[in-house]
Amino acid sequence: MSIHRQALVLNQNYEPLNVCGVRRAVVLVFGGKADLIETGELSIRGVDREYPTPSVIRLRHPVRRPLPQVRLTRREVFARDRQQCQYCGKHGHDLTLDHVMPRHRGGAHEWENLVTACRSCNHRKGGRTPREARMRLLKQPVKPRVTVAQLFAHHLKSYHEWRPFLLGWLDRESQAALASSG
């Protein structure tokens, strides 16, 4: 049954906002709050007729929302640093988190103070700053921004009809990856 599928929700200016269930999309369309832009392959059977399954809907009135934030987790720090030790450059699976300014010396547990480090570099640095340990960071840690690619690109394998609505919002690297994946 198509009711378990998802629909892309666009703001009034066609900016991708989020993904919702088809059931919610139907309520928004029939409630007059959204317009049906694209339909899915399947249909929803009603009492007296079949209805197209919403795949892309556009809200009729603009919605202001705060920008999504990346959660501060080990996995996200490793992803930001591309699974690479920020001291020696080694890639691998035996990685740890390092506080650039150690916590016991007032360093905060935040994006700008966390880096990926291999076990040997983390041990070598110990409870010191990189300068005190005579170690150098490959790049300064920064808080990553959430991109449309991170939010929606993984849905494109299942929902090809979303592609025209997302491509304009993706960065060039993501567009190239999508173009090569067909």
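Tyr51 is partly exposed, its relative accessible area being 23%; by the cut-offs applied here, buried means under 20% relative accessible area, exposed over 50%, and partly exposed in between, with a 1.4 Å probe and protein chains only. Phe30, at 57% relative accessibility, counts as exposed.

This is a predicted model, in which local features need pLDDT of at least 70 and side-chain atom pairs count only at pLDDT 80 or more, while totals for chains, interfaces and linings use all residues. Residues are numbered from 1 along each chain as its sequence is written, and side-chain values use heavy atoms, with hydrogens and water left out.

A search of the whole structure finds two aromatic pairs. Rings of Phe, Tyr and Trp (its six-membered ring) pair if their centres lie within 6.5 Å; planes under 30 degrees apart count as stacked, over 60 as edge-to-face and the rest as tilted. Phe30 and Tyr51 form an edge-to-face pair, 5.5 Å centre to centre with 85 degrees between the planes. This pair links distant parts of the chain, since Phe30 lies in helix H1 (residues 22–30) and Tyr51 in strand S4 (residues 50–59), 21 residues apart. Helices (H or I, at least four residues) and strands (E, at least two) are DSSP runs, numbered from the N terminus.

The other pair, Tyr159 and Trp162, is stacked, at 4.4 Å centre to centre and 10 degrees between the planes. Tyr159 counts as buried at 8% relative accessibility, and Trp162 counts as buried at 0%.

Let me turn to the cores. A nonpolar core is a set of buried Ala, Val, Leu, Ile, Met, Phe, Trp, Tyr and Cys residues joined through side-chain atoms within 4.5 Å. Which residues have the most contacts inside the largest nonpolar core? They are Cys85, Tyr87 and Cys121, in a core of 17 residues. Helix H2 (74–80), strand S5 (95–99) and strand S6 (114–118) each give two or more residues to this core, and S6 provides the largest share, four residues. Apart from this core lies another, of 10 residues, among them Leu156, Tyr159, Phe165 and Leu166.

Leaving aside neighbours within four places in sequence, Cys121 is in contact (heavy atoms within 4.5 Å) with Cys85, Tyr87, Cys88 and Met135.
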